[in-house]
Amino acid sequence: MTARGRTAFGLYARALREARPWWPHLSVVAVLGILATPLGLLLPIPFQIILDHVVGSEPLPGILRAVLPAGAEAGSDAVLWLALGLGLGVAGLALLHGTSEWLYREWVGEGMVRVFRGRLFARSLRVTHGRGAEEGAMDAALRISNDAPALQWTALYGIIPLLTSLVALGLTLSVLLFIHPTVAAIALATSVPAVVLIHSQQRRMSDRWHRVRELDAKAISTVHEVLPALRVVMAFGQEDREVARFSDRLGASLRERFRVLLSQGLLGAVLTLATAAGTTAVLLLCVRGVQAGSLTVGEVTIILAYVAQLTGPIQSIGQHLASQQTAIAAAERAFTLLDRTDSVPEPANPVRIGRSQGTVTFQGVGFSYDDRAPLFAGLNLTVPAGIKVGIVGPTGSGKSSLVNLVMRLYDPTAGRVLLDGIDLRDIRLTDLRRQFAVVGQDTTLFQGTVADNIAYGRPDATMAEVVEAAEKAHAHDFISRLPMGYATSLGEGGLTLSGGERQRLSLARALLLDAPVLIMDEPTSALDLGTEAAIVRDVARAAEGRTTFIVTHRPSILQAVDVVLRVEDGTVSVIEGAAMQPGVNDDVAARFRVVG
């Protein structure tokens, strides 16, 4: 069962399971919350003492005589100072308790969210690549930033306050039952229908808050979509259109939120009227008791104080359950991300490998995206270790998909892909990822220095190795002209660099990683012809001894490869007359075979 559609109880139970490492801390928070009730019950007692035994002339009970000096009587200063001291002591304890509980609760809550966000981020790295990756990554980012706090709002600010409110309700009712059973009965008659009403509205409010969260996500996704494409938006003069689209989505979210808040307000009004009616009945009963002489003014004061403390938890439960619906909706979204299956799962019994030879084999491979027509069917292909393969074909024919299967960014829908005779699905993912160095068509750079970006795949590389890789990628000259050379910090995505400069840094990053298989997807698309020609020569040298796949539309790149494959119409074939470039010996030709 997905997170969506679970009951509120099921989501609270899931939140507690996710917070398992924090259970000892949650227990401390719960104990601190429960301790607030006895402290609250002590607060009215000094007022009763002053009203009945200092201002009034009621005889002192035995417990007061035991703590007062001998001979102290009602109305004496000793009783007054005892009451004042008791009041200050209880108030001080309540202040110390409240401050300690708040600080500890905040520390626990922030720690829970930090760890949970890390888990969601780790999961998103495993489930959001592939076709539709941009939309999936955007949605995952929103869930990590906006929905992750739902863990603390359910496990910490949801379950524990509800528990402490119920404990407070039970203890206060018990005390009232001991003091005045009739008052307790009136309070019980008021509280039970209120709790039933709150429970009956819970699921409906949860569904409506879930809708609000979805509308909020759509509005924020507009920002994530437009800002990275700002140059395109400006070039086509669509700024006003995008602002209007963002405003429309915000407006839809605001209208739905207002409707939900209106419903919550009406529920709160009903609860307030119910508790007001109960309090009025109790007040009338107490006034009649004082007039009949069965109650003292001090006793009326403490009864009314306890009734107020009783209505507090009832209203707190109502407000809490209503406000919890937005947290439950967010928790559903966060748990849905956490529950997604890996795009490429870790094998149950992984095979561990060191550095591979680099022989890649396709055996009866078929592949398609979702319900679309298959890109490949029954593909049999063996690429011996050390061979440089060029891959060409029309846009959308499946060239990039072919190399993505080699890296196991996807799993084939039929057949299998092997590395040195081992099915990629059997190899431990960490070991498998170390076998490939990649230069993608989309040059991705990270915040950090130029050197950090080149050494992304090898954080332990020396500066000399970083410079050598940059020289091979013809990036050293422009890096040297930067304000701080290799120590220059790049902005988000490296937008301060030109497209060609970013691509050369990406190429240097791949060349630095000493992997047995080199994957290049349009590696020189943003480079000028002169730089491209020089890089082709350096790539040919860097690829020596490595199995290399180069996806390209540029004929000049094909000068560096041994074999050229054409991907088109669901087939992979060797280009006629270009199967083997000059210099490839007969042994290599005999070992390379392809059947589409």
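Start by selecting Arg 408, which comes after helix α13 and has a positive phi, near 55 degrees. Keep in mind that you are looking at a predicted model.

Now step back to α13 itself, residues 399–406. Seven of its eight residues are buried, so the rest of the structure largely encloses this helix. To see them, pick Lys 399, Ser 401, Leu 402, Val 403, Asn 404, Leu 405 and Val 406.

Next stop: strand β9, residues 517–521, where five of five residues are buried. Show the side chains. Val 517, Ile 519 and Asp 521 point one way, while Leu 518 and Met 520 point the other.

Strand β6 (residues 436–439) pairs with β9 in the parallel sense over four bridges, and here Val 438 sits opposite Ile 519. Strand β10 (residues 547–551) also pairs with β9 in the parallel sense, over five bridges; look for Leu 518 opposite Thr 548.

Then go for the largest nonpolar core, 36 residues, and highlight Val 450, Ile 454, Val 466, Ile 479, Tyr 486 and Leu 505, which have the most contacts inside it. Elements giving two or more residues to this core include β6, α15 and β9, but α18 provides the largest share, with six.

Zoom in on Val 450: beyond its neighbours within four places in sequence, its contacts include Ile 479, Tyr 486 and Leu 505.

Last, select Tyr 369, Ile 391, Leu 402 and Phe 549, which are among the 35 residues of a second, separate core.

Technical notes:
Residues are numbered from 1 along each chain as its sequence is written. This is a predicted model: local features need pLDDT of at least 70, side-chain atom pairs count only at pLDDT 80 or more; totals for chains, interfaces and linings use all residues. Side-chain values use heavy atoms; hydrogens and water are left out. Buried means under 20% relative accessible area, exposed over 50%, partly exposed in between (1.4 Å probe, protein chains only). Two strands pair if DSSP finds at least two bridges between them. A nonpolar core is a set of buried Ala, Val, Leu, Ile, Met, Phe, Trp, Tyr and Cys residues joined through side-chain atoms within 4.5 Å. Contact means heavy atoms within 4.5 Å.
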